[in-house]
Amino acid sequence: MSDHTAADADRAGRDAQQCGSDSSARAARPGLTIKGLYLRAIGFEPYGYQHRLADEGLPELLQVPTGCGKTEAVGLGWLYRRRMHPDARVRAATPHWLVVALPMRTLVEQAAGRFESWLKCLGMDGDIALHKVQGGAGWSDDDWRLSPDRDAVFVGTIDMLLSRALNRGYADRRWHWPMAFGGFNNGAHWVFDEIQLMDVATPNTRQLQSFRDSFGTALPTSSTWMSATVDERLLSTVDRPDIGFRVELDDHDRRGSLGRRLDALRTVSEIGLPLKWPERILAEQLVDRHQPGTLTLAVFNTVDRATVAWNALKKLGPDAELVLLHSRYRPAEREDRTAAALSPPGPAGKIVVSTQVLEAGIDLSATLLFTESAPWPSIVQRAGRCNRDGARDDAQLLWAVPPKSLPYEEDDVHASAEALRSLAGKRVSTIRLQNADVHTADRITPVIRRKDLIDLFDTTPDLSGNDVDVARFIRDRDDRTVQVAWREVADGQPSGASPRRDELCGVPIAEFGQWLRKGNPAWFLDHLTRDRDLPWARCTARDLRDGIEVVLDASKGGYDSETGWNPRSTQPVAVVTPPDAPSVSAGLSPDEDVAVADEPASLADAWYPLTEHLIDVERECTTLLEAFGAVGLTAEMHHAAIVAGRLHDIGKASEVWQQAALATAPDDERDDLQSGGPFAKTGNRTPLRFDPPFFRHELASALALMSEGASALGDHRETDLVIYLVASHHGRIRLSIRRPPDELGTDDRAITTLGIAPGSELPEVDLGDWTIPESRLRIPTGHDRYERRALALRDRPDLGPFRLAFLEMVVRSADWRASRNIGGS
């Protein structure tokens, strides 16, 4: 069996000559062997454990040493079982999404690049979708929402992905959170890579999988946790205390081609650093010990110390190339620095100064590696980058005690220091380091409970506009970040709309809060504003939350292309791209409702008759459900979603909605249009203005089905489910019916609820082959209350939150699919 590494696989994937037995990429097919899949995708045979994983199934825990191809194991293992396994039952039971969650942004591009190369070599790049889930407007959930049934790979950071599974998707819109909740919790296999760096998220992902198992899902959904260093205390939770199927290296693996990597040696030595100017002394040591033509790595526990050390190295002016790499860069600079770090050293060699970003996913093999003492799992990961390929006999692992233990526990840093001192002068292997018994603190972390998950199903903010906070389930407080962009600012308003991904730089919340308290201005885009001329609101420290996107004035500094985020820099920052024209809706998808009365989703390029639209959505619901083959749903639940597709927009027959739609038409077209209605979409992009304001057609649809329109449901067993799916198809009316603050009796009119006055009428609606009778719209009370019905659905043992959200996603996606051919959304 040929030896291979992640870097080898990358090169093989990019080189078409290594894509299979010839230079042409050929589509994979059922019956392709595991060995054939690996040879075609990466140009190497699989290791024994990789073969076992593809053959026996993706495990709950994958624990193998660093550099042994974990990503290939789960990625190609999933692909084999989903598309190439000879047993059709295995292919059907394998989730159609693979979701790869990573601890840091710096790993996303590299991991996604590997999947991209494999799919290209297999001739499947046009067949299986690949999504890089990152903040900013460069990627949108809209990329999958039109085809949620398509086989796909999602690669992203743990905060972006886990927040979606918790119904609070970062950088997504509130009204769309339930679609991601339905998608990422039904029919997905989750892979959590380098769990030792995920900390708080790890036990909560375990809890979430347990909830999927107990509440039930519409499609098979499973998870794999993997790392070279596994603290099983993090994996043992209240609702999932035990670890099931696991895969580790066996004796055959250790004797085989992996042996050279596992037995790679490095000599351990401590560097004593003075309290004064330690970075300067360390820089001198690194330059003195560096060998021309080789790679030297220096890994620090904080960005600040890494930056100071890099500056000290620059002052010495060594012949070796110097690279600083950490997490606080904008994407372009980060990608350039990652590429520089990964490229082969020149004749003078290379010195890379970095932080924890090198602990995972970065395949480097240094002759000399320096690290600050850190928790033992981090030491093992860092040491794995020293003589990683086992090619050197003179590899050195240098270490020193950091001046401060932060961001780690002092006891953990001290325990690692003692363990390293016991190895002084010894040549140690990867396996010896991994098997060492070194103390690490037992962390107490917030753990999501069933009640928390039930509460998160509701996406309506409380009366103060606040939501259940999920940041505590995703990242430690010290690890939470804001995403910062730099723009030109005029008249107190930044230019453009939502920041794009290539503008954003991650900054710790605590550090950014200090920046704000010094009087530096910042802004965030207020999607709930009713002032379209002033879409940007001033940001205060109280507004900061994990994942929020904020904009700074580029003329005030705060960023340096060499060192990244730099609050001490006052030099103007180069704006990455010319932003869009200033508008609250610029750059947003057509369904991004900015204010509660807006309906961008109903604006199209052609007038779309209501009856035709309802028939089309019903057909799309049927198509999606047949494609999914959702085995976790009853036939009645399937039928309820299809019926909801046929009825979801009957509220648009309201005179309020039709008058608002026709008012957008030119005067000379209006009379002709009136005879062709009612319509579901307008033939232009003019915003609708309702009278009374705040009118929501989906509420009118649901209320009609709870009055005279109920006759259209006949003896259907799931009438409440149909009503819920109709009401929720824009994500605004789910568990409750609530007026916006501005609707609470501001004038002399009768009080309305989302634009609907008690006793108002919905005219008869033609459904093509049957008719909804005229209905009087009232908010039911008592036992018939909408809220009681919706909560009962959520809490039903045979339905529950995950299946219910899946059906929501189906109806909403069907609505979008039916509308796309006429230019709607």
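Figure 1. A salt bridge here is a side-chain nitrogen of Lys or Arg within 4 Å of a carboxyl oxygen of Asp or Glu. By that rule, the structure holds 45 salt bridges. Bear in mind that this is a predicted model, where local features need pLDDT of at least 70, side-chain atom pairs count only at pLDDT 80 or more, and totals for chains, interfaces and linings use all residues. Residues are numbered from 1 along each chain as its sequence is written, and side-chain values use heavy atoms, with hydrogens and water left out. In this view, the side chains of Glu232 and Arg246 form a salt bridge at 3.0 Å, N to O. Glu232 belongs to helix 11 (residues 232-235) and Arg246 to strand 7 (residues 246-248), so the pair ties together parts that are 14 residues apart in sequence. Helices (H or I, at least four residues) and strands (E, at least two) are DSSP runs, numbered from the N terminus. Glu232 is partly exposed at 37% relative accessibility, and Arg246 is partly exposed too, at 30%. As for the cut-offs, buried means under 20% relative accessible area, exposed means over 50%, and partly exposed is in between (1.4 Å probe, protein chains only).

**Figure 2. Arg421 meets Glu270.** These two side chains join in a salt bridge at 3.2 Å, N to O. Arg421 sits in helix 18 (residues 410-421) and Glu270 in strand 8 (residues 265-270), so this bridge ties together parts that are 151 residues apart in sequence. Arg421 is partly exposed, with 36% relative accessibility, and Glu270 is partly exposed with 37%.

Figure 3. The side chains of Arg794 and Asp795 come together in a salt bridge at 2.8 Å, N to O. Arg794 is buried, with a relative accessible area of 12%, whereas Asp795 is partly exposed at 45%. Elsewhere, salt bridges with shared partners link Glu60, Arg206, Asp213 and Arg240 into one network. As a general point, side chains of opposite charge can pair when their charged atoms come close.

**Figure 4. Helix 2 and the glycine after it.** Helix 2 (residues 34-42) has seven of its nine residues buried, so it is largely enclosed by the rest of the structure. The buried residues are Ile34, Gly36, Leu37, Tyr38, Arg40, Ala41 and Ile42. Gly43 follows helix 2, and its phi is positive, near 85 degrees.

Figure 5. Asp668, Glu669, Asp671 and Asp672 gather in a patch of negative charge on the surface. Patches are made of residues with over 30% relative accessible area and no salt bridge, with like charges joined within 9 Å and nonpolar side chains (Val, Leu, Ile, Met, Phe, Trp, Tyr) within 5 Å. Glu669 is part of helix 25 (residues 667-674) and is partly exposed at 38% relative accessibility. Pro678 lies in the loop between helix 25 and strand 25 (679-681). The peptide bond joining Gly677 and Pro678 is cis, with omega about 0 degrees.

**Figure 6. Leu406 and Pro407.** Here's another cis peptide bond: the one from Leu406 to Pro407 has omega near 10 degrees. Look for Pro407 in the loop between strand 13 (396-400) and helix 18.

Figure 7. With a disulfide taken as a pair of cysteine sulfur atoms within 2.5 Å, the count comes to zero. Cys386 is buried at 0% relative accessibility, and Cys539 is buried at 7%.

**Figure 8. Ala320 and Lys350.** Along the chain, Ala320 and Lys350 are 30 residues apart, yet their C-alpha atoms are separated by 4.9 Å. Ala320 sits in the loop between helix 15 (303-316) and strand 10 (321-325), and is buried at 9% relative accessibility.

Figure 9. Glu194 isn't a glycine, but its phi is positive, near 60 degrees. Its place is the loop between strand 5 (188-193) and helix 10 (201-215), where Glu194 is buried at 3% relative accessibility. Asp491, also not a glycine, has a positive phi of about 55 degrees. Asp491 is in the loop between strand 16 (489-490) and strand 17 (493-494). Is Asp491 buried or exposed? Asp491 is exposed, with a relative accessible area of 81%.

Terms used:
Accessible areas come from the Shrake-Rupley method with a 1.4 Å probe; for residues, only the protein chains shown count as cover. Lys and Arg count as positive and Asp and Glu as negative; His and the chain ends are not counted. The place of a charge is taken as NZ of Lys, CZ of Arg, CG of Asp or CD of Glu.
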